[in-house]
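Here's a quick briefing on the salt bridges in this model. Have a look at the structure first, then we'll go through some of the pairs.

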Amino acid sequence: MTRETAATLLLYIAAVLVWGTTWIMMKYQLGEVAPAASLTYRYLAAGSLILAGAALVGKRVRLTRTEHGWCALQGLCMFSVNYWLTYLAAAHLTTGIVSVFFAGAAAVTMVMSAALTRRLPSLRAIIGAMLGIAGIALVFWPEVAEVAHDGPEIWAGAIVVVSVTLFSAGGLIGARNLASGQPRYGTIGWGMLYGGMIMAVLTLARGETFGFSLTPAYIWSLLWLTLLGSGAVFVLYFAVIERIGAEKASYATVMFPLVALVVSTFAEGYTWPGLALIGVPLALIGNGLVLWQGRSR
């Protein structure tokens with residue numbers, strides 16, 4: 001394993017580990033404060049911190065008008081509406097079901113990338129993505145089997161599909177921004193600021209207030225999601241995208257639900273189903289196939 005490959009692997013693992021902690025934190029954001037308002041605080045703060053930190057160490061954060069346009073589009077897809085839709089869906093679906101949907105982001109990204117580049121992904125990558133999705137579905141099978149097939153849950157499922165599609169599009173837009181020479185920290189920071197602004201407009205358009213909860217759970221979860229779940233994780237994620245591409249990097253969405261379950265096991269006493277003995281190895285094998293392909297390139 002080369003030093004470059006080892007560095008990429010460490011960045012990928014770090015992104016997955018941090019991302020996996022965000023699920024349990026997100027549930028403490030629901031309740032008293034409108035989701036759009038919480039997302040406004042989260043992304044305005046995270047974007048500002050990234051830009052300020054980058055400027056302090058001499059990184060370029062000023063963008064051209066065209067670059068701002070692409071960052072705004074990325075903010076719309078990846079740092080605002082997609083998360084808001086996920087919050088709405090979580091009112092009718094368990095986090096396990098949402099995780100299964102998000103595991104499909106790897107396949108959606110591959111399809112979208114193939115449509116844009118007119119280049120089919122490798123068979124190894126396709127098989128890896130399918131194994132990963134199947135593995136996550138098996139891990140969460142008890143929840144999947146209990147889902148109703150009508151009413152609010154159908155609409156919630158459709159909402160998550162839109163959210164996953166937006167997230168995948170955001171990853172590809174981010175890859176395009178980096179490939180065109182836009183600065184990584186400037187692109188991420190401005191994208192988050194635009195995402196926060198979009199959420200502020202949505203909050204006002206829906207007639208919601210910018211409330212704030214002074215409970216320790218809300219404050220600590222907001223700090224965690226701002227500093228780690230937004231700032232740190234997306235810096236890591238886009239560093240991985242720069243190295244292996246959006247298609248391979250998106251496999252992180254398959255792996256972080258497993259980390260989330262480990263966190264839930266210790267924090268909430270979650271009991272793993274028997275099918276996890278099959279599902280977890282499938283997800284890990286799929287991960288190996290996808291990343292192996294990225295390394296060989």
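A salt bridge here is a side-chain nitrogen of Lys or Arg within 4 Å of a carboxyl oxygen of Asp or Glu. Searching the whole structure turns up five salt bridges. Keep in mind that this is a predicted model, where local features need pLDDT of at least 70, side-chain atom pairs count only at pLDDT 80 or more, and totals for chains, interfaces and linings use all residues. Residues are numbered from 1 along each chain as its sequence is written, and side-chain values use heavy atoms, with hydrogens and water left out.

**Glu-247 and Arg-119**
- Glu-247 pairs up with Arg-119 in a salt bridge, with 4.0 Å between the closest N and O atoms.
- Glu-247 sits in helix H13 (residues 246-249) and Arg-119 in the loop between helix H7 (105-117) and helix H8 (123-139), so the pair ties together parts 128 residues apart in sequence.
- Helices are DSSP runs (H or I, at least four residues), numbered from the N terminus.
- Glu-247 is buried at 14% relative accessible area, while Arg-119 is partly exposed at 39%.
- Buried means under 20% relative accessible area, exposed over 50%, and partly exposed in between (1.4 Å probe, protein chains only).

**Glu-4 and Arg-243**
- The side chains of Glu-4 and Arg-243 make a salt bridge at 2.8 Å, N to O.
- Glu-4 belongs to helix H1 (residues 3-20) and Arg-243 to helix H12 (residues 216-244), so this contact ties together parts 239 residues apart in sequence.
- Glu-4 is partly exposed at 48% relative accessibility, and Arg-243 is partly exposed at 36%.

How values were computed:
Helices (H or I, at least four residues) and strands (E, at least two) are DSSP runs, numbered from the N terminus.
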